[in-house]
Amino acid sequence: MSDVVLVYPPYRNTPPGRSYSPLGLPYVASVLENCGYSVRIVDADMERLDVGSVASVVAAERPRLVGITVLTHALPGVLSLVESLRRLGITNVVVGGPHITADPQMVADLGLRYGIRGEAEYGFVKLAKYVLDGIGSEDDVEGLIVNDGGRLRAGRPCFLEDIDALPLPARHLVRTRDYRFTVVFSSRGCPYQCLYCAEQCRNVRFRSPDSVVDEIAGLVRDYGIRDVDFGDSVFTLDNEHVLEICRLLRERSVRVRWNCITRADLVDRKLLGVMKDSGCRFVSFGVESGVEDIRFAGGKRITDDAIREAFASCRQLGLRTRASILFGTPGETVADMRKSIDFVRSIRPDYALFSITQVFPGTPLFGRLLREGKAGNDVWRNFMHNKTLSLDYLPDGVTLEEAYEVSREAFRRFYLDNGYLWGKVRGVGDVYELSEAMFLVLAKLGVASLREPADEVCTNA
Ligand code: B12
Ligand code: SF4
């Protein structure tokens, strides 16, 4: 039995060992545990549970309160889960996470009483105290959404000032050893505002480098972790902060391989060199478009030259790279998309991720669609009820078929290029790289159908 069960609902099956450890719920759980509540976290994908099985697992815990993380893509699954729990007599359900922060109306659409907007470490525990123990009141809960029989009261999202004061996430509540990458945050928020990005806090908050390195050292010591993924929206926002983390990793001989996501205009050769020396192996850059004007129009004001330089520096230093490309940003034509493929091939990243731009609540892109009358506020409810099947954004004059065709062409031209393939085969260093190389060879021979080989990823910056 647990007082509180926190759930990452199913999105798609994640082969064990191939994914990223969850972090939002372990952070929330840590504060709950410190206040004396017993907590269980259910990570549906890692535990390979479908909606029905998640509901049974939750019910077996006979929780007094249930919390569910809601990402936009997971809405249909969240709805089924809430309905299944209701059928099992579990109605004390609270929702939170990126979708709820941006679209509080969803609490009513799900037929629930409570949601929390923003970072809920302290908000959730205050709500638990109020609902479970009658301590305090609803007004104490920062970011609270209350659905009072259809009348919605939604507080402003809460973004914590001092993220250094948070206790470390309760990693013991998830299968920390089984994820391929363990996610650690050294900062929260991003000051930029790219058109399509669902990052919601412009105010950047940093943890002290000391506490970041302590956390990583603890992960190595307690869980034998070797691979860390910095989840920061933009890891190199403050070069001094990164340099200090790198210095401490080396000084304390903390041996981990680590990855990060950042912007090409926020790195230089010196910084990348220090990062490499402290264990950095992989840097992902949001390139978005190979056409500078389109990139700028999307809010990513980074020049072609800066991008070329960042990729060249990484290559010289032996840092692996990924270029993330979006097809279908406003104003883009099919010819522009093809120029993006050429550009990516010219900068020679180790991986390229080509995606069709998607619309998320709270983004400038969604605001624009609303203003242009191309979407209504009911779009998320429709998506949740499977009435709208796609979140893809298409610029005027481009059809979905064309966007998908260019996407397929992009993967083919990038990954099945003879030079790229040969480099992959020659560079095999571990079992994952071996499986990637084998997969690409099979795709080249027409035996496997080509998808992005670096399977499950979440990119930004
Ligand atoms: C790591 C990551 C992943 C990992 C997920 C690992 C995991 N299980 O968490 C992987 C690679 C699997 C992934 C996949 C995807 N991701 Co992702 N991901 C991230 C990333 C980089 C970090 C998440 C994180 O750990 N944050 C740190 C913690 C502390 O914050 P948090 O998770 O938001 O949790 C806080 C609050 O949201 C809230 N909260 C969270 N849960 C709950 C629950 C309750 C009950 C309450 C009250 C509060 C609450 O309190 C938490 C503590 O402060 C974020 C970007 C970011 N900077 O956050 C994107 C992000 C969450 N992903 C995003 C997207 C779009 C995707 C994909 C759709 C990508 C794709 N095209 O496939 C998929 C969807 C997966 C799904 N399940 O639906 C978007 C979400 C937008 C949206 N509206 O849904 C984000 C915000 C990126 C962005 N800026 O656009 N992702
Ligand atoms: S895409 Fe990157 S730089 Fe742009 S707003 Fe999102 S996190 Fe910030």
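Which elements do the buried residues of α2 pack against? In this predicted model, they pack against β1 (4-8), β2 (39-43), β3 (65-69) and α3 (75-87).

**View 1. Helix α2 has a buried side and an exposed side.** The buried residues of α2 are Val-51, Val-54, Ala-55 and Val-58. Viewed down the helix axis, these residues fall within an arc of 100°, so they line one face of α2. The face turned away from the buried side carries Gly-52 and Ser-56, both exposed. Arg-62 follows α2 and has a positive phi, near 40°.

**View 2. Val-58 sits in helix α2.** The helix spans residues 51-60. Val-58 counts as buried because 25 C-beta neighbours lie inside 10 Å, and the threshold for burial is 20 or more. Setting aside neighbours within four places in sequence, Val-58 contacts Val-5, Val-7, Val-42, Pro-63, Val-66, Leu-85 and Ile-90. Ile-41 is 17 residues from Val-58 in sequence. The C-alpha atoms of these two residues are 9.4 Å apart.

**View 3. Six strands form an open sheet with parallel pairing.** The strand order is β8-β11-β12-β13-β14-β15. The edge strands are β8 (182-184) and β15 (351-356), and each pairs on one side only. From one strand to the next, the twist averages 20°.

**View 4. Strands β14 and β15 pair in the parallel sense.** Strand β14 covers residues 320-327, and six bridges join β14 to β15. Ile-325 has Phe-354 in β15 as its bridge partner. Helix α15 (residues 400-415) lies across β14 and β15. The helix runs at about 175° to β15.

**View 5. The largest nonpolar core has 65 residues.** Ile-325 and Val-344 have the most contacts inside this core. Val-344 touches Val-287, Gly-290, Ala-323, Ile-325, Pro-349, Ala-352 and Phe-414, with residues up to four places away in sequence not counted.

View 6. Is Arg-263 buried or exposed? Arg-263 is buried, because 25 other C-beta atoms lie within 10 Å. The C-alpha atoms of Arg-263 and Ile-302 are separated by 8.2 Å. Along the chain, these two residues are 39 residues apart.

**View 7. Ser-253 and Arg-348 have positive phi values.** Most residues other than glycine have a negative phi. Ser-253 has phi near 50°. Ser-253 lies in the loop between α8 (239-251) and β12. With 8 C-beta neighbours inside 10 Å, Ser-253 counts as exposed. For Arg-348, phi is near 55°. Arg-348 belongs to the loop between α12 (334-347) and β15. Arg-348 is partly exposed, because 17 other C-beta atoms lie within 10 Å.

Methods: Residues are numbered from 1 along each chain as its sequence is written. Chains are lettered from A and ligands numbered from 1 in the order in which they are written. This is a predicted model: local features need pLDDT of at least 70, side-chain atom pairs count only at pLDDT 80 or more; totals for chains, interfaces and linings use all residues. Two strands pair if DSSP finds at least two bridges between them. Helices (H or I, at least four residues) and strands (E, at least two) are DSSP runs, numbered from the N terminus. Axes are lines fitted to C-alpha atoms, for helices over the stretch in contact, and angles run from 0 to 180 degrees between N-to-C directions. Two residues are in contact if their C-beta atoms, placed from the backbone, lie within 7 Å. A residue is buried if 20 or more other C-beta atoms lie within 10 Å of its own, exposed if 12 or fewer, and partly exposed in between; C-beta atoms are placed from the backbone. A nonpolar core is a set of buried Ala, Val, Leu, Ile, Met, Phe, Trp, Tyr and Cys residues joined through C-beta atoms within 7 Å. The arc is that of the directions from the helix axis to the C-beta atoms.
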